[in-house]
Amino acid sequence: MINAEAFQAALSLLGNTPAAWLVVPPGLIIGLFFGSIPGLSISIAMAVFLPATLYMDFLPAILFLTAIFTGGGFGGAIPAIMLNIPGTSSSVATAFDGYPMARRGEHAQALGIGLVASVLGTLIGYLLLLFTVQSISQWVLRLGPTEMLVVAIWGVTLIAVLNDASISKGIAAGILGILISTIGYSDAGQMRGTFGSMYLLDGIPVIPALIGFFAASELFNLVGKRYIVDDSSLRVVRFRNILGGMGQAASKPFQLLRGGSMGAVIGAIPGVGASIANLAAYATAKQRSKDPESFGKGNPSGLIAAESANSSSEGGSMITLLALGLPGGAGTAVLLGAFAMHNVTGGPRFIRENPDIVYALIIGNMAQAVLLLVIGVAFIFLAGYIVKLSLKLMIPIVMVLSVVGSYAITGNMVGPITVVATGIMGWLMRRYGFPVAATVVGLLVGGMAEGELVRSMQISGGNLGFIADRPITLVLLALLLISVLPRLIGSLLKGRRATS
Amino acid sequence: MVMRKLTLKVNHELFGGLLLIGIGAYAYYHGQQYAFGSLARMGPGFLPQVLSMMLCTMGGILAITSQLKPSSAIDLQLGQVLVVAASMVLFAMLLRPAGLFTAAFVSVVVSSWADRQITWPGRIVLALVVAGLASLIFIVGLGMNMPLWWG
């Protein structure tokens with residue numbers, strides 16, 4: 001299951017790359033910061049700090065970004081527990097039992113429980129990745145162009161369909177992304193959609209577009225908004241109480257394991273990520289509990305389920321990203337952008353050729369989780385002040401970060417202009433209920449999907465009946481249909497009910 | 001009642017659907033200058049044209065279903081967004097000639113126009129803090145090759 005040789009190589013690689021360790025603590029702190037300020041999200045942090053990895057090697061770059069990912073997971077729990085305001089969308093269920101605990105005066109215990117659940121959840125997710133990555137990549141290697149095409153379509157469709165927006169909006173958003181990806185040189189070496197501008201020859205610059213869609217669009221959304229944070233949140237936090245909470249969480253290994261493994265599996269499905277894992281694990285814990293009445297009134301088990309699941313979904317989503325090169329959500333979309341920036345193509349070939357780097361990534365992330373335990377405790381003491389940090393200050397900081405970052409990437413005005421243009425587009429889409437993540441994933445995998453489409457049609461000589469001879473393609477197509485059907489039927493039924 | 005149901009109310013769903021049809025139609029028109037090719041030998045125009053047609057279809061579905069359910073108007077605060085967008089472009093334009101500190105200071109002052117409650121002293125302090133932080137992070141911290149001041 002584990003390639004021992006590569007595991008050894010990974011350990012020495014991590015030992016010989018001090019830079020990889022240097023960037024992790026700042027990454028965790030950035031993640032905690034952005035996660036704990038309501039209104040800012042983890043994907044904003046990852047997008048605006050993506051250009052900062054330009055001069056790093058691949059391994060430190062990814063570890064830095066995953067550190068933001070990991071830190072943000074716990075950061076979101078802090079305002080959820082203290083103020084009943086989820087810091088990110090992935091900590092909604094955290095507030096269900098965390099806030100009642102805080103109202104009883106057990107906020108320090110609740111934060112301790114959340115921290116341990118986050119740390120162990122992250123570990124569970126990456127442990128699963130560690131044991132499965134080798135076998136999954138061997139299986140994935142058997143996929144030909146037709147299969148990869150179906151997988152890419154599947155990924156984009158799931159992200160487009162599995163959210164609050166209507167199905168047609170989601171699909172339109174995904175198509176829009178792929179359409180944007182066709183701008184620039186095509187596979188055949190012909191210019192497309194450049195409108196005669198030399199700046200568009202290489203296509204829409206992906207990293208600035210990511211910053212625009214994820215960060216700038218949220219920025220525009222936040223302008224003029226104010227989150228009310230009341231003063232009573234500034235309560236005393238005692239170290240003893242945090243430790244007590246940590247012990248309380250550690251004494252429920254079964255709860256941790258159930259939440260963690262649910263999160264990891266959910267995270268591996270494109271389109272559903274930490275937010276769904278968070279809610280689903282909470283619901284399961286409540287359902288299976290002997291005393292479901294106590295949930296929502298400050299039951300630590302609810303908090304454990306919610307926080308372990310949203311953290312472990314990170315490792316789960318890395319399975320899809322590494323094995324298929326397919327991002328399942330905003331966080332992994334930014335990671336795929338980082339892959340592209342460092343000229344790395346995710347997928348089975350990457351795993352086969354660089355097993356040491358893959359294992360180093362996994363081990364590094366597990367070490368990160370342990371580090372979060374230390375940094376997280378320190379952060380809890382400051383959290384009362386940080387949660388109160390006004391968006392007034394953070395909005396201009398995010399603005400400056402995204403402009404300077406995009407300018408550094410392209411070296412000219414193309415970057416910042418792309419950020420602003422995609423930012424306004426993303427903002428409009430958000431206001432009208434289109435899923436922005438679908439557009440970004442379409443943009444990221446569009447080139448790959450087109451290549452696989454052209455190749456599979458060349459192989460088959462343009463005969464569509466050819467897929468009948470490819471059993472894996474048929475199975476994948478069936479899976480695609482099965483996974484989308486419930487949502488499709490549901491929305492049709494809802495539409496009928498609305499009209500009658 | 002019947003009369004009211006027959007009138008086409010322009011709601012935002014309908015607008016979105018029509019916009020998608022517009023984008024799709026334009027992309028289709030634009031894509032026609034590239035060879036479509038055949039299934040076996042796809043030209044560079046194949047995917048854009050197929051996608052534009054799909055986009056038009058989705059827009060059509062949205063436009064039609066928009067008439068089936070009531071919709072509420074969305075309050076777009078376009079003015080505020082344009083102020084922030086303009087200050088971002090201004091920042092990028094000032095970056096080389098004026099230096100990071102100056103550019104950040106000016107653009108934060110401009111962007112704070114979107115905030116109606118901020119006072120002038122607050123504006124200046126905010127701009128100084130952000131410009132100082134940005135200079136620290138990018139020039140001192142990351143050692144980026146970028147001028148700090150004018151000249």
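Residues are numbered from 1 along each chain as its sequence is written, while chains are lettered from A and ligands numbered from 1 in the order in which they are written. In this predicted model, local features need pLDDT of at least 70 and side-chain atom pairs count only at pLDDT 80 or more, whereas totals for chains, interfaces and linings use all residues.

**Confidence**
- The model scores ipTM 0.85 and pTM 0.86.
- Where pLDDT is low, the predicted coordinates should not be read in detail.

**Contacts of A:Leu65**
- Neighbours within four places in sequence aside, A:Leu65 is in contact with A:Met46, A:Leu50, A:Thr53, A:Val334, A:Leu335 and A:Ala338.

**Helix pair in chain A**
- Helix α7 (residues 92–103) and helix α14 (residues 274–288) of chain A have axes that come within 7 Å and cross at roughly 40°; helices (H or I, at least four residues) are DSSP runs, numbered from the N terminus, and axes are lines fitted to C-alpha atoms over the stretch in contact, with angles from 0 to 180 degrees between N-to-C directions.
- α7(A) is therefore oblique to α14(A), as angles under 35 degrees count as roughly parallel, over 145 as roughly antiparallel, 65 to 115 as roughly perpendicular and the rest as oblique.
- A:Val92, A:Ala93, A:Thr94 and A:Phe96 in α7(A) meet A:Ser275, A:Asn278, A:Leu279 and A:Tyr282 in α14(A).

Note on methods: Contact = placed C-beta atoms within 7 Å. Helix = DSSP H or I, 4+ residues; strand = E, 2+ residues; numbered from the N terminus.
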